[in-house]
Amino acid sequence: MQSLWIDTFKKTYKFPKFSGASQYDVCIVGGGIFGISCAYYLTKLGFQVTVLEKDEIASKTTGHTTAKITSQHGLLYHYLIEQFGIPFARAYLEANEKAIEAIKEIIDTEHISCDFSYQNSFIYTTKPEELQNIHDEVSAVQSLNFTCEFTTKVGLPFEVLGSCVFKHQAQFHPLKYVYGLVDCIADNCDIFTHTTVTDIRQTNDGYVCYTEEGEVHAKYVVLACHYPFLKVPGFYFLKMYQASSYLIAVDTKKTLFDGMYLTAGEPTLSFRTARINGKELLLIGGADHKTGTYCNYEASYGVLEQVAKTYYPESEVLYRWNTRDCITLDKIPYIGIYSHYMPNLYVGTGFQKWGMTSSNVAANIVTDMICKKENPYAFVFSATRMQPIKNRGEVKNMVVQSAKSIVLDKLNPSYLSFDEIALNSGGIVQINGEKVGIFKDSQGKIFAVKPVCTHLGCLLSWNDVDKTWDCPCHGSRFDFKGKNLYDPAIENLQVYDIH
Ligand SMILES: Cc1cc2nc3c(=O)[nH]c(=O)nc-3n(C[C@H](O)[C@H](O)[C@H](O)COP(=O)(O)OP(=O)(O)OC[C@H]3O[C@@H](n4cnc5c(N)ncnc54)[C@H](O)[C@@H]3O)c2cc1C
């Protein structure tokens, strides 16, 4: 299931795979929007930069996003003010508003054609019990001296009870933007694809990043690989999990509305439009769940297709895709120094499904840190922060599920019998006392793997929508043949030969 963005962008670059040994000022691990934004700023400043990307540039979360560029990150500001106070909430808002400006400035200066358009962003509700939350958010944002309004007038094809609107937000085509940045730096920055960084070790004067076929030496390293694969120090596996969402792009056969929309509460529904080859499409997103927890077609794409049919009975679904993003325990990304024990190693992660602005905030903070320049927003996102837990619901999501998958599910797994696994489906069976992950293709051919995550050993679960093995602890994903698809794991699953 290809994303609209990947399908409608024709790549002109073919980057080599890294081999041998090289020296750079900065090694950026990961070529999503964060890695490439960082490479853009640092290359422009004259640093010798390399980007090492495991797959293709912007082919992972960035290639599957909704690409709303906004500082309206859900109903966030009421929470931020209550938990952290006004100066902190104001700095978060300002950092993200500055990111919108910075993205527009790059687009204008570099003449990047990426379907950027200013839009109003709305958080809305149709439920009386959620109305007070909208009013609280409007008051909170206004108390930060930011223009935000309560309105019932929205462009959606149904009535809402209320909404909180941020004006002058934006949207774009994420691949056109990221490859536009690549165009600006390609002559001065060495980009390598299909190059997985497998380990990073400290040296006397920096780091060495090991890949399958070589090593890169650099004074500074930026972990832009979405979920850091390094475990210790840092311990990011104790402070983040991943959540998946689904998207469809629909030809509604009707004239569409302006604006970008998100529900105030559960279930999440997100709307924006995109003009593709002269046709206006409606993007509908939602059906969120923690990555690795059970989901089927009806509960994912089925829900979104039903929304499309309800409001646009003639509509046709042209694209379906999904991805996942890192969720932190206190709703704030981790940006800056990776660990006090590893100087000059930087990270940007935990973007909470708001990585279009957060990646720009992160790229600016990391660039400033490398340049030894103070950044006024760095304190908000400090990746080494230690503070009391602000959001107990997320702790349950993280700690309880990890304990369950690492220990309890392994002691007491729910096995299927071999015959219970339908064609084109998968599940865990027990063979000679061993847990075996089985996928039967539509012809009955069997693919067998050890269903244990190569990141930290959690028991994997079968994802029947994408035909993948997913980790409920930290969100790593593997195809049915055991190939690692998504971070933080980097190694493939052990494969069994079963006849
Ligand atoms: C369904 C959904 C909708 C979203 N919609 C929005 C939205 O409307 N607005 C918004 O602001 N945000 C949105 N987001 C969030 C946003 O898309 C992400 O936060 C952002 O794309 C993350 O960018 P990234 O560069 O950190 O990660 P990625 O794009 O995943 O890039 C990381 C790269 O690192 C590479 N990598 C991983 N491990 C290694 C390794 N060991 N060696 C080398 N390379 C490695 C990967 O292959 C990948 O290409 C959404 C997220 C989801 C899940």
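The exercises below treat the ligand site and the cysteines of a predicted model.

Residues are numbered from 1 along each chain as its sequence is written, and side-chain values use heavy atoms, with hydrogens and water left out. Local features need pLDDT of at least 70 and side-chain atom pairs count only at pLDDT 80 or more, while totals for chains, interfaces and linings use all residues.

**Exercise 1.** Describe the shell around the ligand and state where the ligand lies relative to domains 1 and 2.

Solution. 

Step 1. Count the residues near the ligand, where near means that a heavy atom of the residue lies within 4 Å. There are 33, and the closest are Glu53, Thr62, Lys68, Asp325 and Met356.

Step 2. Sort the shell by residue class: 13 residues are nonpolar, 13 polar and 7 charged. Ala, Val, Leu, Ile, Met, Phe, Trp, Tyr, Cys and Pro count as nonpolar, Asp, Glu, Lys and Arg as charged, and the others, Gly among them, as polar.

Step 3. Assign the domains, whose bounds come from an automatic or database domain assignment. Domain 1 (4-64 + 175-239 + 331-390) and domain 2 (73-80 + 114-170 + 243-328) both give residues to the shell, so the ligand lies between them.

**Exercise 2.** Find the disulfide (cysteine sulfur atoms within 2.5 Å) and say which parts of the chain it ties together.

Solution. 

Step 1. The structure holds 1 disulfide. Cys458 and Cys473 form it, with sulfur atoms 2.1 Å apart.

Step 2. The angle about the S-S bond is -105°, and the link is left-handed.

Step 3. Cys458 is in the loop between β20 (446-449) and β21 (461-463), and Cys473 in the loop between β22 (468-470) and β23 (477-479), so the pair ties together parts 15 residues apart in sequence. Strands are DSSP runs (E, at least two residues), numbered from the N terminus.

Conventions:
Near = heavy atom within 4 Å. Disulfide = S-S within 2.5 Å. Helix = DSSP H or I, 4+ residues; strand = E, 2+ residues; numbered from the N terminus.
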